[in-house]
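Trainee: Before we start, could you show me the model, so that I can learn how to read its features one by one?

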Amino acid sequence: MATAPAASTPQRRLYRVETAAEFLDIGRSTAYEEIRLGRLRTVQVGRLRRVPTEYIEDYVELLKREAADI
């Protein structure tokens, strides 16, 4: 008897700035400074600031491009 495929759990798409900083292995204050400079983008959800997964990836790509320019 075949079993039904397991329902996939949706992946988290928005992260708190502190969590994004942990993923990036940078400090909280560094993350907020990068946001202030426009290097790490965020979205506003009501009064909350969140970092979408793709913006974390974009930031890593920015760092890689900058490293290649040195």
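Trainee: Where is Asp25 found, and is Asp25 buried or exposed?

Mentor: Asp25 is found in the loop between α1 and α2, where helices (H or I, at least four residues) and strands (E, at least two) are DSSP runs numbered from the N terminus. Asp25 counts as exposed because its relative accessibility is 71%, given that buried means under 20% relative accessible area, exposed over 50%, and partly exposed in between, with a 1.4 Å probe and protein chains only. This is a predicted model, in which local features need pLDDT of at least 70 and side-chain atom pairs count only at pLDDT 80 or more, while totals for chains, interfaces and linings use all residues. Residues are numbered from 1 along each chain as its sequence is written, and side-chain values use heavy atoms, with hydrogens and water left out.

Trainee: What is the phi of Asp25?

Mentor: Most residues other than glycine have a negative phi. The phi of Asp25, however, is positive, near 60°.

Trainee: Which residues have the most contacts inside the largest nonpolar core?

Mentor: In soluble globular proteins, nonpolar side chains tend to be buried together. Here the largest such core (buried Ala, Val, Leu, Ile, Met, Phe, Trp, Tyr and Cys residues joined through side-chain atoms within 4.5 Å) has 13 residues, and those with the most contacts inside it are Val17, Leu24, Ala31, Leu40, Val51, Ile56 and Tyr59. At least two residues of this core come from each of α1 (17-24), α2 (28-36) and α3 (53-68).
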